[in-house]
Amino acid sequence: MNRAKEKTEIMKNQDPEQRIHNMSEVALGFTKEQAVREAARCLNCKTKPCVSGCPVGIDIPAFLSYVAEEEFDKAADKIAESSLFPRICGRVCPQEKQCQKECTVGKMHKSVDEAVAIGRVERFVADYQSEHSKTPVKPSVKKTGKKVAIVGSGPAGASCAADLAKMGHEVHIFEAFHKLGGVLTYGIPEFRLPKEIVKKEFEKLASLGVQMHLDTLVGRTRTIKQLMEEDGFDAVFIGSGAGLPNFMNIKGENAVGVLSANEYLSRINLMKAYDSSISRTPYPKAERVAVFGAGNVAMDAARTARRMGAKSVAIIYRRGEEEVPARKEEVEHAKEEGIEFMLLNAPKEILTDEKGRVKGVVLLSCKLGEPDASGRRRPEIIPGSEHIYDCDLVLVSIGNASNPLISMTTKEIEVNKRGNFIVNPDTLETSMKGVFAGGDIVLGAATVILAMGQGRKAAKGINDYLNSK
């Protein structure tokens, strides 16, 4: 029976009134029956347009066919050929802008919302395998005798490490924090991506023989030159991310009660400030919160603040809803949780009390003009439109710049005006021989799956480089 014309399955979520009081996962996932029905909607197109939309090149029709036949282990094996972290990607990747955007079924329905829910089926398959399978066995591969250092254990570094280990190279990951995962651990909240899942996914790297070195800040603890000249590494991959938050440089931005969304989320997620029974990490308690920006990080910060006790939280964004860059699902969840969207508003000044603490934000109303270079309509300030939003905490989430530490201590690596590493587009090698880079350090702040795709591309470039030596 051809199910393509049927509507996509509806995934259950935790009730909004309950979830704003806990950190448990919001999206509850497909049941087995839902996953099978949804997979059966795939037309198994010969041209596989969905695969072209996947940054890591998963054979999507093949794994969906296995799911439709209830061959879940085979489906998991097919995904594993291309993706290291399906339990993560099935939860946080913007499938509606990638694989599902290209889905023929969605185009047939004239709505990407009715495309085959590829990400949700992927999540089901990965969860099912995790619950029903044994610990993966370390594969037997012929060792090459070459050593590769991976700087950063985020999505780019982890996927690069996995591919290189499978190729037989000795791989070492150097992570600055005390936990693996990069943005997966410090950035994305527990209610979107449980950290136990991140931990289990990273056990796959250990099973491949990848060695982990925590609390090692490359650029300080060791430089790139020391790794290569003193520690004997034949190549280095840098995936240190875009962890330097941008600010607006407006009056009052240095007030007590103004934080970057990165710092706020790191305190809550990485340092578990939300659980006072195991952590004494300080965090700013607030009644009314203003979040500058409307990307996924802004949504994460706003929804986290709601769970941390804020009575009201507002997303302040200078464009309209059509221009909001966050995932549609995250916007919907934020609205369900009572987050206010103050669109077409631009912050002008942060107001403070006599003690230098935040007490409000001066906003300017905007209207949309002609499209700018990004294709989005340019916000224009409406004269005489000043108004005040009262708040006691401001979280700034207007993007990030690349981590500057390595470029400051390794002058051989060329960067662009934004501080992003300049790489060979085919191999991802930097201007320093034997040193490669990928993920947000090259792209700027991007997505998990794009970073993973860069990691895989760099692994191929590194392998070719090592074989040519």
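A residue counts as buried when its relative accessible area is under 20%, as exposed when it is over 50%, and as partly exposed in between. The structure described here is a predicted model. In its helix α14, the buried residues are A298, M299, D300, A301, A302, R303, T304, A305, R306 and R307. The points below start with that helix, then turn to one of its arginines, and end with salt bridges elsewhere in the chain.

**Helix α14**

- Helix α14 covers residues 296–307, which makes 12 residues.
- Because 10 of the 12 residues of α14 are buried, the helix is largely enclosed by the rest of the structure.
- Just after α14 comes G309, which has a positive phi of about 110°.

**R306, a buried arginine in α14**

- R306 is part of helix α14.
- Although R306 is buried, it has no salt bridge.
- The nearest side chain of opposite charge to R306 is that of E17, at 6.2 Å. A salt bridge needs a side-chain nitrogen of Lys or Arg within 4 Å of a carboxyl oxygen of Asp or Glu.
- A polar atom of the R306 side chain lies 2.8 Å from the backbone oxygen of E337.
- Leaving aside residues up to four places away in sequence, R306 touches I20, K311, V313, E337, G338 and I339.

- Side chains of opposite charge can pair when their charged atoms come close.
- The count of salt bridges in the model comes to 34.
- One of them joins the side chains of R123 and E25, with an N to O distance of 3.4 Å.
- This pair links distant parts of the chain, since R123 is in helix α8 while E25 is in the loop between α1 (16–19) and β2 (27–29), 98 residues apart.
- R123 counts as buried because its relative accessibility is 6%.
- E25 has a relative accessible area of 17%, so it is buried too.
- E329 and R120 form another salt bridge, in which the closest N and O atoms are 2.7 Å apart.
- E329, at 15% relative accessibility, counts as buried, whereas R120 is partly exposed with a relative accessible area of 27%.

**Another residue of helix α8**

- Y128 lies in helix α8, which covers residues 118–132.
- The relative accessibility of Y128 is 23%, so this residue counts as partly exposed.
- Y128 and K32 are 96 residues apart along the chain, and their C-alpha atoms are separated by 8.7 Å.

- The side chains of E201 and K204 meet in a salt bridge, at 3.1 Å from N to O.
- Both residues, E201 and K204, lie in helix α11 (residues 195–207), three residues apart, which is about one turn of the helix.
- E201 is buried, with a relative accessible area of 2%, while K204 is partly exposed at 24% relative accessibility.
- Elsewhere, salt bridges that share partners join R19, R192, D300, R303, R307, E330, E336 and E337 into one network.
- Among the members of this network, D300, R303 and R307 are buried residues of helix α14.

Key:
Residues are numbered from 1 along each chain as its sequence is written. This is a predicted model: local features need pLDDT of at least 70, side-chain atom pairs count only at pLDDT 80 or more; totals for chains, interfaces and linings use all residues. Side-chain values use heavy atoms; hydrogens and water are left out. Helices (H or I, at least four residues) and strands (E, at least two) are DSSP runs, numbered from the N terminus. The expected span of a helix is 1.5 Å times one less than its number of residues. Buried means under 20% relative accessible area, exposed over 50%, partly exposed in between (1.4 Å probe, protein chains only). Lys and Arg count as positive and Asp and Glu as negative; His and the chain ends are not counted. A polar contact is a pair of N or O atoms within 3.5 Å; within protein, one must be able to donate a hydrogen and the other to accept it, and residues adjacent in sequence count only if both atoms are side-chain atoms. Contact means heavy atoms within 4.5 Å.
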